[in-house]
Each structure stands twice: as C-alpha cells, then as structure tokens.
Amino acid sequence: MRQFARFASHGAVLLLVGLATLGRAADTPDSPAPEGVSPPGSGVGEASSPREFKGVWYRTPEKRGAIAVFLASGDLTVGADTVSFESKKIRLTIAMASVKRVVSARLPNDPVNVWIVVEYDEGGSSKAAAFKDAGFGRDTQAIHTALLSLSRAAAFARGESPAPREKATIAFDGRSWKQGFQKDAGTQTITEYVLPGETVNGWTELVSVQTFPGAQETKTLAAIAGDFKDKLLKECPDALWRVHKESPDEVMHEFRTTGCRGWEDQHEIAKLMMGRSGIFRVSYTNHKRPLDDERRAQWVALVGAARVEAEVERAVPKAIAGGAPPDADVGERGERAEFEPYEGLKEQFTIALPVGWQAHDQSADLGHPGPYGVVIFSPVNLGRTEVTDVQKQLEESLRALEGVDSGKTPSLMVDRHKALRGMSCDGIDDKARKRVLDIYESSSIGKSSHLVGTPEVEAVSVGGCQGLRVRLRARDPEGNEELTLVYAVSDGKVAYDFFLRNQKEFFEKNLPTFEKAITTLKISAGH
C-alpha cells in the first residue's frame with residue numbers, strides 16, 4: 001500500500017490505507033433490460049455455442065510446474081454453463097454462474113507468458129485458474145474473448161448488466177499542470193498532477209484524483225472522513241480541521257498541519273464523492289505554507305466544483321475542463337527520447353523510463369500486492385477488464401495487451417520472485433544459473449516451437465550487482481521468431497528478471513529503449 005500511495009499527500013495516504021481494507025466489492029447492477037432484449041455489448045448473441053481449445057496450458061496464479069511453467073496441458077471447453085479443463089492428470093469444472101472476474105496477467109515465476117485468469121467462487125471460497133494457449137499462445141486472445149463473452153452472458157441471464165464506468169473531474173487554475181504519476185492497482189487508482197519544473201518526488205503544489213471501485217458498497221463518506229479526522233487530531237492536536245460540506249453524496253473538508261511529528265507541513269483541500277461504481281476523491285495540497293487567502297479561496301471553489309461523471313470511453317483517469325493538462329493522456333504511443341526516474345518501487349529498485357510510461361503491477365491487480373510478481377512498464381493503460389465490460393472496452397483492452405505482448409507497443413517488464421540459494425548481489429552461482437536458464441528456456445518454447453541455437457549467457461553488472469545477461473531465440477513451425485533478452489539480478493532475498501520479449505520485427509526497434517533503461521537501474525539492497 002505504501003508503494004501505491006508513495007507520492008500522495010499525507011491525507012491521501014491515510015485514506016488510501018483505510019479504503020484498501022475494504023476489498024473488492026461487487027459492482028452495483030443496473031436495472032435489467034426488458035425481457036428478450038440484450039443490452040449493447042452483453043455478449044448474449046455471441047455466446048450461444050461452446051468453444052473448444054486444444055493444447056491449453058493450466059496453472060494457478062500461485063503455483064506453476066516444477067520445471068515447466070504450467071501444471072498440466074490439455075483441452076479447454078468454454079460453454080454457456082461451465083468452463084471445463086481436462087488433461088491426463090487434472091479435471092476441472094467451473095460453473096459459469098460462479099465466475100466473478102476474468103483478467104489477463106503475467107504470473108509469478110513466468111515473466112514471458114500472458115495468462116487468462118478466471119476468478120470464481122466455490123463453496124464460499126474464492127479460487128482462481130489460469131489458462132493460455134501452449135507455446136507462442138496464438139489462441140490465448142480467443143480464449144480470453146470466449147471467457148469474457150460467455151461470463152457476460154451468464155451475468156446478463158442473472159439480471160445483471162454493466163455497472164456504469166465513472167470518473168472524477170476537476171478544473172485547473174489555468175497554469176500548465178502536467179500529469180506526474182498514474183497507477184491502477186485494480187481496487188484503487190490514483191493520478192497526480194504537478195507544476196512545470198516539479199515532479200512527484202519534489203513538489204510544492206499537487207492535485208490528486210483517486211478512485212476506489214466498489215467502496216460505495218461498504219463505506220459511507222461520513223465514516224471515511226470521520227476516521228481521518230480522528231487520526232489527524234489524535235496525532236496532531238493543534239491541526240486545523242474544517243468541514244465545508246457534508247451530505248451522503250459529498251463531503252468536502254480542509255486541514256492544515258504544522259510542526260507535527262510524522263506529518264508534513266501542508267495545507268490540503270479535499271472532496272469525497274459517492275458514485276454508483278465507487279468512491280472518488282479529489283484534492284489540492286500545498287507545501288508552500290502559509291497558503292495565501294486568494295489561492296485558498298480559488299482552490300476551495302475548484303475542489304468544491306469537482307464532480308463524478310459517466311465515462312463513455314475507456315480511458316486513463318484524468319482531470320478535465322478549465323485548463324486540463326495537454327499531456328495528461330498517456331495512452332497514446334509516441335516516440336519520446338526523454339527519460340525520467342521511476343521510484344514507485346524504490347525499496348527494491350529505481351530505474352529511469354521514457355516520459356509518460358505507466359507501471360502496472362499484475363499481482364496487485366489480482367489482489368495480492370507485495371514484493372513478488374510481474375510489473376509491466378509501458379506507455380499504455382493496462383488496467384483490469386471486468387466480466388461485465390461492454391464489447392468495445394474488451395476489444396481495447398485486448399488490443400493494448402496484444403500490442404505489448406508482441407512488441408508493437410514498447411515495454412519493459414520485471415518478474416520479482418524469491419531468490420534461489422546461490423543468488424545474491426555478489427553474483428549467481430552455477431547451480432542457480434542452471435535453474436534460471438531452465439525456467440527461461442521452458443517459458444520461451446511450447447508445443448511445436450523450439451529454441452534456435454544456444455542461449456547466449458554473459459556475466460555482467462546489473463543495477464550495481466553482479467548478474468546475468470541472457471538472450472534466447474525461439475521459432476514456431478511457420479517460421480515466426482520471438483527474441484527474449486533478460487537481465488537477471490538478485491539482492492539475496494528477491495530475484496529480479498528484467499526482460500524484453502518481442503516478435504522479431506519489433507525486437508530491434510525496442511531494444512535501444514530497453515538497454516538505455518537498464519543502464520539506469522539501481523538495486524536498492526545492493527547499495
């Protein structure tokens with residue numbers, strides 16, 4: 001949680017921590033459509049017949065094979081009532097009515113493959129199964145589409161239709177604000193804006209927009225604001241606390257701290273808003289104390305005018321109206337030479353990335369934030385897709401993921417996993433080296449595909465520690481090649497695999513950006 005809220009103001013951090021304990025609540029269903037009428041994008045018409053897929057890999061998010069990246073390989077059938085997988089060793093049946101969510105993700109200890117994760121309920125317990133087409137995964141997108149379409153159809157049959165997509169909007173004050181940070185962890189999102197010449201690592205004024213999907217089911221705005229007020233005044237008895245407005249749908253408050261241990265000297269104006277799909281928070285924070293009366297009055301008005309709007313298009317959350325930052329959207333791919341430091345995981349490492357790139361933590365998106373798992377850095381938003389999303393949102397999500405997976409969209413990924421014996425900042429010994437090479441090779445090949453030549457392995461300095469540089473080539477029967485470059489390093493507790501895996505046509509184009517980023521890498525525990 002501290003990693004996610006790293007750059008937020010103190011007030012925002014506390015609210016993030018409080019709301020993060022709510023879990024992922026169910027979406028609020030709209031009224032069902034008239035009998036016999038399918039809502040747009042419900043998937044009913046396209047989900048009338050089962051889909052069968054041969055040669056599908058299976059694993060769970062937590063467990064892979066001892067050597068192979070999968071637990072079993074078999075046949076997957078996606079039907080209107082059930083999802084069934086059958087192999088020589090495993091037989092699994094999931095009731096479609098029990099499916100809660102379908103997401104695409106990279107899983108721990110498998111840095112190169114994209115899996116389709118089905119989260120479902122069984123006897124009151126939450127479980128998950130992951131599937132992908134074997135080898136290069138040509139049918140993985142089709143598996144994703146089938147699971148989403150039929151699970152949407154099942155939801156519609158139960159009288160559910162998509163919860164509205166909403167966003168919080170705020171007008172700016174006419175100065176040239178720019179987006180400095182954005183993160184979507186599934187259960188919450190945050191977007192932060194700073195002034196020219198400032199960053200989220202060093203700012204005097206900050207505007208934050210936060211979203212907590214599903215939180216409206218379990219919390220009231222009065223309870224959230226009340227909990228924050230109690231903590232503030234307990235730790236800072238002399239702090240200013242003022243409520244501007246309080247209703248079931250909106251709570252606007254203001255606080256100021258000075259010389260209080262554990263709290264920065266700051267003046268913050270914030271507004272909590274209740275939406276149909278979640279709870280939203282916008283805030284303006286000023287470190288240039290004291291805040292003059294004119295600027296304070298201006299931001300009281302701007303924050304007070306913030307609102308929740310229906311979001312028609314799937315987009316990166318952004319502030320709008322009255323001076324929206326011109327570079328707020330980071331979903332567009334652009335060739336940018338500028339790099340900027342990323343310190344969102346600075347307890348583990350720091351790295352410089354192209355301006356506008358976002359971090360997407362796959363483990364956090366699956367509800368398991370922590371020191372392990374895959375993080376994808378790219379210029380596009382890879383937020384989760386709910387099973388009730390409309391077809392256009394599904395297609396956009398699949399296109400974004402497919403672009404990153406192929407290399408059409410540049411990216412850098414890191415798989416963080418528990419270090420093996422023989423791995424430390426001083427180097428990776430022969431036994432550990434053989435083990436990691438086995439993992440890389442098994443992740444790069446599958447049915448009908450094979451390695452081309454011998455993997456190139458070189459001992460190099462990585463992030464201030466001694467690590468490995470590994471390059472592999474794989475080819476399928478049609479002659480399509482995928483190239484993988486891995487920089488492997490460890491701090492003794494966590495092993496890090498920084499990798500680039502692209503189709504051959506995109507690999508050389510993306511390689512300079514990847515290599516430049518790696519030269520800026522610093523492993524924190526190694527220094």
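Which backbone nitrogen does the side chain of Asn286 reach? In this predicted model, where local features need pLDDT of at least 70, side-chain atom pairs count only at pLDDT 80 or more, and totals for chains, interfaces and linings use all residues, the side chain of Asn286 reaches the backbone nitrogen of Lys288, at 2.5 Å. Residues are numbered from 1 along each chain as its sequence is written, and side-chain values use heavy atoms, with hydrogens and water left out.

Asn286 has its place in strand β15, residues 278-286, a strand being a DSSP run of E with at least two residues, just as a helix is a run of H or I with at least four, both numbered from the N terminus. With a relative accessible area of 2%, Asn286 is buried, a word that stands for under 20% relative accessible area, while exposed stands for over 50% and partly exposed for values in between, using a 1.4 Å probe and protein chains only. Beyond its neighbours within four places in sequence, Asn286 is in contact with residues including Thr204, Asp265, His267 and Leu291, where contact means heavy atoms within 4.5 Å.

Turning to helix α3, the buried residues there are Leu221, Ile224, Ala225, Phe228 and Leu232. They lie on the same side of α3 because they cover an arc of only 90 degrees around the axis, the arc being that of the directions from the helix axis to the C-beta atoms. On the other side of α3, Asp230 and Lys234 are exposed.

The protein chain overall holds eight helices and 29 strands, and buried residues make up 54% of its 527 residues.

Conventions
A polar contact is a pair of N or O atoms within 3.5 Å; within protein, one must be able to donate a hydrogen and the other to accept it, and residues adjacent in sequence count only if both atoms are side-chain atoms.
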